[in-house]
Amino acid sequence: MAVKKKKIGAAGRFGAGYGKVKNKLIAVERKQRVKQECPFCKGRAKRDGKSIWLCVKCGKNFAGGAFHLKTQITKNN
Ligand SMILES: [Zn+2]
């Protein structure tokens, strides 16, 4: 009888053998799903590339964290 394996989280697609990487990825992807706020108009920001964010509302481009806008560094500033 075939056993259906339970897939855990968003990184379940990787299968076995990615333990550490997988846990990191899950954390990153979870943060990506959170709404990113534009610092200029408080509108919604979209990731436009690595560390580059584009505001949907005012169309401004700005730098931020690679995967999510508010990193530990930007929070401290
Ligand atoms: Zn904006």
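User: Where does K42 sit in the fold?

Analyst: K42 is in the loop between α1 (19-32) and β1. Bear in mind that this is a predicted model.

User: What's phi doing at K42?

Analyst: Phi of K42 is near 65°, so that's a positive value in a residue other than glycine.

User: Is K42 buried or exposed?

Analyst: K42 counts as exposed, because there are 11 C-beta neighbours inside 10 Å, and the cut-off for exposed is 12 or fewer.

User: OK, how far is K42 from K57, C-alpha to C-alpha?

Analyst: The separation is 8.7 Å, with the two residues 15 apart along the chain. K57 itself is in the loop between β2 and β3.

User: And which residues does K57 touch?

Analyst: Leaving out anything up to four places away in sequence, K57 touches C38, C41, G43 and R44. K57 also counts as exposed, because it has 12 C-beta neighbours inside 10 Å.

User: What about V56, where is that one?

Analyst: V56 is in the loop between β2 and β3. The C-alpha atoms of V56 and A45 are separated by 5.7 Å, and those residues are 11 apart along the chain.

User: Which contacts does V56 make?

Analyst: G43, R44 and K46, again not counting residues up to four places away in sequence.

User: Why do you call V56 exposed?

Analyst: Because V56 has 12 other C-beta atoms within 10 Å, and 12 or fewer is what makes a residue exposed.

User: Let's zoom out. How many helices and strands are there?

Analyst: The chain has 2 helices and 3 strands. Reading from the N terminus, the order of elements is α-β-β-β-α.

User: How are the strands arranged in the sheet?

Analyst: The 3 strands make an open sheet ordered β1-β2-β3, with antiparallel pairing. β1 and β3 (61-63) are the edge strands, each pairing on one side only. Ignoring direction, neighbouring strands are turned by 35° against each other on average.

User: How many bridges join β1 to β2?

Analyst: 4 bridges, between β1 (residues 45-49) and β2, running antiparallel. Within that pairing, K46 stands opposite L54, and G49 stands opposite I52.

User: And what joins β2 to β3?

Analyst: 3 bridges, and these two strands run antiparallel as well. W53 has F62 in β3 as its bridge partner.

User: Let's do the hairpins. How many residues lie between β1 and β2?

Analyst: The hairpin of β1 and β2 has 2 residues between the strands. S51 has a positive phi of about 70° although it isn't a glycine.

User: How exposed is S51, then?

Analyst: S51 counts as partly exposed, because it has 14 C-beta neighbours inside 10 Å. That count falls between the exposed limit of 12 and the buried limit of 20.

User: Which residue takes a positive phi in the hairpin of β2 and β3?

Analyst: G59, with phi near 75°. That hairpin has 5 residues between the strands.

User: Which residues of β2 are on the covered face?

Analyst: W53 and C55 are on the covered face of β2, while I52 and L54 are on the uncovered one.

User: What share of the chain is buried overall?

Analyst: Buried residues make up 6% of the 77 residues.

User: Before I set anything up, what's the average pLDDT?

Analyst: The chain averages 75, and 68% of the residues score at least 70.

User: Which element has the lowest mean pLDDT, and which the highest?

Analyst: Helix α2 (residues 72-76) has the lowest, at 53, and strand β2 (residues 52-55) has the highest, at 88.

Conventions. Residues numbered from 1 in each chain as written. Predicted model: local features only at pLDDT ≥ 70, side-chain atom pairs only at ≥ 80, totals over all residues. pLDDT = per-residue confidence, 0-100. Pairing = 2+ DSSP bridges. Axes fitted to C-alpha atoms, helices over the stretch in contact; angles between N-to-C directions. Contact = placed C-beta atoms within 7 Å.
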